[in-house]
Amino acid sequence: MHPSAPAAAAVRRVFVPLLLCCALLFGTAACGGDSDKDAASPSGTSSAERQKFAKTRFVANAGLAAGATYQWIVKPYRDGRFKSGADGRRFALVKAGLAGAFTYNRLKAALRNAKGDPTLAKAVAPLAAGVEALKDLPSKLRKGDSTEAVVGSFDGAINSVKDAGRSAGAEVKDKVPSAGELAKG
């Protein structure tokens, strides 16, 4: 064995990992864009593609809103979990309040998405005031105030959005969000 072999091995043990870390660091920095805006706006898309993406995003957001409404607002209400004295009432109302905020957020996003497609935009335009009326209702759900009216408002808004989507060729199906998605809003 050559006398400098242990020194060369030590240098390799330090140099190779350092080189790999630098390559990974600079490689990922070069792949990323300057902002999230670059990733959110596809370049070179035709008008037809933008409309298709608008419908797809509308369906995704409206589907999440519909799933959250049914799973954590309508279904527990029908099961009697919001009634005074019901087991787990407080927890059910807190989840319903979170679901209400999530639903409002996703419906607002769906209405913004609909603006990218002329047919869909016309179909959902009358729903903007109804969706905006949902803004303060999650806090009522958390408190247990007027639960029947609040549940009816959410259910009605979701059904209106689904009907408007269907009339514009954008069928909305319920997609229940995960608890993590619900908490993020």
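Start by selecting Lys 162, which sits in helix H8; helices here are DSSP runs of H or I with at least four residues, strands are runs of E with at least two, and both are numbered from the N terminus. Before you go on, know that this is a predicted model, where local features need pLDDT of at least 70, side-chain atom pairs count only at pLDDT 80 or more, and totals for chains, interfaces and linings use all residues. Residues are numbered from 1 along each chain as its sequence is written, and side-chain values use heavy atoms, with hydrogens and water left out.

Is Lys 162 buried or exposed? Lys 162 is buried, with a relative accessible area of 17%. The cut-offs are under 20% relative accessible area for buried, over 50% for exposed, and partly exposed in between, using a 1.4 Å probe and protein chains only. Now show the contacts of Lys 162, meaning heavy atoms within 4.5 Å. Leaving aside neighbours within four places in sequence, you will find Ala 66, Val 172 and Asp 174.

**Next stop: Val 172**

Select Val 172, in the loop between H8 and helix H9 (179-184). Val 172 counts as buried, at 5% relative accessibility. Apart from neighbours within four places in sequence, Val 172 is in contact with Phe 58, Val 59, Ala 62, Gly 63 and Lys 162.

**Into the core**

Phe 58 leads us to the largest nonpolar core, where Phe 58, Val 124 and Leu 141 touch the most other members among 38 residues. Such a core is a set of buried Ala, Val, Leu, Ile, Met, Phe, Trp, Tyr and Cys residues joined through side-chain atoms within 4.5 Å. Colour the elements that give two or more residues to this core: helix H3 (47-78), helix H4 (89-114), helix H5 (118-124), helix H7 (137-143) and helix H8 (147-167). The largest share, 10 residues, comes from H4.

Click on Val 124. Which residues does Val 124 touch, not counting those up to four places away in sequence? They are Phe 58, Leu 111, Ala 114 and Ala 164.

**Two helices side by side**

Show H4 and H8 together. Their axes come within 12 Å and cross at roughly 30°; axes are lines fitted to C-alpha atoms, for helices over the stretch in contact, and angles run from 0 to 180 degrees between N-to-C directions. H4 and H8 are therefore roughly parallel to each other. Angles under 35 degrees count as roughly parallel, over 145 as roughly antiparallel, 65 to 115 as roughly perpendicular and the rest as oblique. To see who meets whom, select Leu 93, Gly 100, Thr 103 and Leu 107 in H4, then Thr 147, Phe 154, Ile 158 and Val 161 in H8.

Stay on H4 for Phe 91. Phe 91 counts as exposed, at 57% relative accessibility. From Phe 91 to Arg 142 is 8.9 Å, C-alpha to C-alpha, across 51 residues of sequence.

**A pair of rings**

Finally, select Tyr 77 and Phe 82. Their ring centres are 6.3 Å apart and their planes are at 50°, so the pair is tilted. Rings of Phe, Tyr and Trp (its six-membered ring) pair if their centres lie within 6.5 Å; planes under 30 degrees apart count as stacked, over 60 as edge-to-face and the rest as tilted. Tyr 77 is partly exposed at 27% relative accessibility, whereas Phe 82 is buried at 4% relative accessible area.
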